[in-house]
Amino acid sequence: MKKLTARAIIVAALLVVAAAAATASARPKRAAFASYRLDNLNSLGGTSSVGFSVNDRGWVAGRSNLPGNQSRHATLWRNGALTDLDTLGGANSAVLWPVKNIRGIVSGIAQTNEPDPYNEKWSCGFFFPSATGRGKRCLGFRWQNDVMTPLPTLGGTHGFATGTNNLGQTAGWAENTVHDPTCESPQVFQFRAVVWGPGTRMRQLRPLSGDTVTAATALNDFGRVVGISGICDQAAGRFSATHMVVWDHGGPPRNIGGFGGVAWNTPMAVNEQGAVVGFAGQPGDDPDNPQLHAFLWTRQHGIQDLGALPGDVYSEAHGISERRQVVGISCDAAGSCRAFLWQNGVMTDLNTLVAPGYTDVLTTAQDINDLGEITGRAFDPDSGERPAFLATPIRRHGAD
């Protein structure tokens, strides 16, 4: 009974937040962009860290390299304190998607010390240093109260976890035991989107007709899961992400469209109102060198191309708040990227909103919470280091 009561309180509170956000978005546009105080976050000793998630308690989760930059660990920053979440026995772990819940649950991926008999690169290997990224089993995890718990697969070797909601449900994907002929070597096994929890429950989400694999990248507290449907391919984007889909309340997948590209169509986040952000390919894209664009999708208006910053050709949206503030990256043809903030139809270089005194360059924005706090990664041109950051709004200026 206590669990049900607590859950009801959480959902009721979130309904209030969602209603307030909807009301705010309906008001006439006024003061738009804030100025931000920037704080670089401590590292685990390496030269590269990234904040991938910031919840409404101000907890930043991500990953940080260890000394020597040959391995990295999932990392949690709380009120200035750094916590190494460790691994499941292997060299690497990471939090790579907006996690969002306020219950103190962190989800991500971690290597075990068990050998991978097929030596697949799997989805994890694309996010770990090349020296240590393969050869060990990699699983999704849930971390709470200093304990990292592995999440089961569908019988295959590997798994991958992204976000966790306030009901204790975690989204991701896991291998089954099917040797899928659409896999590109060294990938062998098929994989499907999974929702773990609450408790020991594990639910599989099916693909669109004609597809063989799915992956769930985000979920909210109102039954919406978002992700991809496609073929096995490399088990990391590309043709695995032929279609972008939503599953509502565990039902069949619904294709939410795209811009005409046939690869890399990927939802990254969904807010409590059901608005989805991510990135999608363009018609005629080279699948190995796509010109992706950030998007916002809503049930009312469908998919909207958010474009890119002036002079740039590429963009990705990574996070969204209840006020439909969207953050991500925008890059030029040479691959030089800047963090952006999009709101009220306008995309702005986050670097132009930074308060005086901060000298690093904000290269990626990965998530934004409902207080407007933003996390991502910066670049220090003097040292060459790439620290994680937390940007906190300090005042508003300008008008639409």
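How many nonpolar, polar and charged residues does the lining of the largest pocket have? By class, 22 are nonpolar, 12 polar and seven charged. Here Ala, Val, Leu, Ile, Met, Phe, Trp, Tyr, Cys and Pro count as nonpolar, Asp, Glu, Lys and Arg as charged, and the others, Gly among them, as polar.

## Basis of the model

This is a predicted model, in which local features need pLDDT of at least 70 and side-chain atom pairs count only at pLDDT 80 or more, while totals for chains, interfaces and linings use all residues. Residues are numbered from 1 along each chain as its sequence is written, and side-chain values use heavy atoms, with hydrogens and water left out.

## Overall fold

The protein chain has one helix and 28 strands. Helices (H or I, at least four residues) and strands (E, at least two) are DSSP runs, numbered from the N terminus. The C-alpha atoms fill a box of roughly 55 × 55 × 45 Å along the principal axes.

Of the 400 residues, 57% are buried. Buried means under 20% relative accessible area, exposed over 50%, and partly exposed in between (1.4 Å probe, protein chains only). Among contacts (heavy atoms within 4.5 Å) between residues at least 6 apart in sequence, 49% join residues at least 24 apart.

## The largest pocket

The largest pocket has a volume of about 1100 Å³. Of its 41 lining residues, the closest to the centre are Phe126, Phe127, Phe279, Glu316 and His318. Strand 2 (49–54), strand 14, strand 18, strand 22 (314–320) and strand 26 (361–368) are the elements that give two or more residues to this lining.

Pockets and cavities are found on a 1 Å grid over the protein atoms alone: a cavity is a set of points where a 1.4 Å probe fits but cannot get out, and a pocket is an open set with protein on both sides within 12 Å along at least five of seven lines. Lining residues have an atom within 4 Å of a point. Grid points are joined across faces, edges and corners, and a volume is the space filled by probe spheres set on the points.

## Cavities

There are three cavities of 30 Å³ or more. The largest has a volume of about 80 Å³, and its lining includes Trp59, Leu76, Val99, Lys100 and Ile105. That lining has six nonpolar, four polar and one charged residues.

The second largest cavity has a volume of about 50 Å³. Among its lining residues are Val99, Lys100, Gly163, Thr164 and Leu219. Strand 10, strand 14 (213–219) and strand 18 (266–270) each give two or more residues to the lining of this second cavity, and strand 18 gives the most, with three.

## Gln169 and its surroundings

Gln169 lies in the loop between strand 10 (159–164) and strand 11 (170–179). Gln169 is buried because its relative accessible area is 15%. Its side chain makes a polar contact with the side chain of Asn165 at 2.8 Å. A polar contact is a pair of N or O atoms within 3.5 Å; within protein, one must be able to donate a hydrogen and the other to accept it, and residues adjacent in sequence count only if both atoms are side-chain atoms.

Leaving aside neighbours within four places in sequence, the contacts of Gln169 include Gly163, Thr164, Pro198 and Leu219. Gly163, Thr164 and Leu219 are also among the residues that line the second largest cavity.

Arg134 is in the loop between strand 7 and strand 8 and is partly exposed, at 40% relative accessibility. The side chain of Arg134 reaches the backbone oxygen of Asn119 at 2.8 Å. Beyond four places in sequence, Arg134 is in contact with residues including Gln111, Glu120 and Pro186.

Most peptide bonds are trans. The bond from Ser185 to Pro186 is cis, with omega near 15°, and the bond from Gly197 to Pro198 is cis, with omega near 0°.

## Positive phi

Most residues other than glycine have a negative phi. Asp233 has a positive phi, near 50°, and is buried at 4% relative accessibility. Trp264 also has a positive phi, near 60°, and is partly exposed at 22%.
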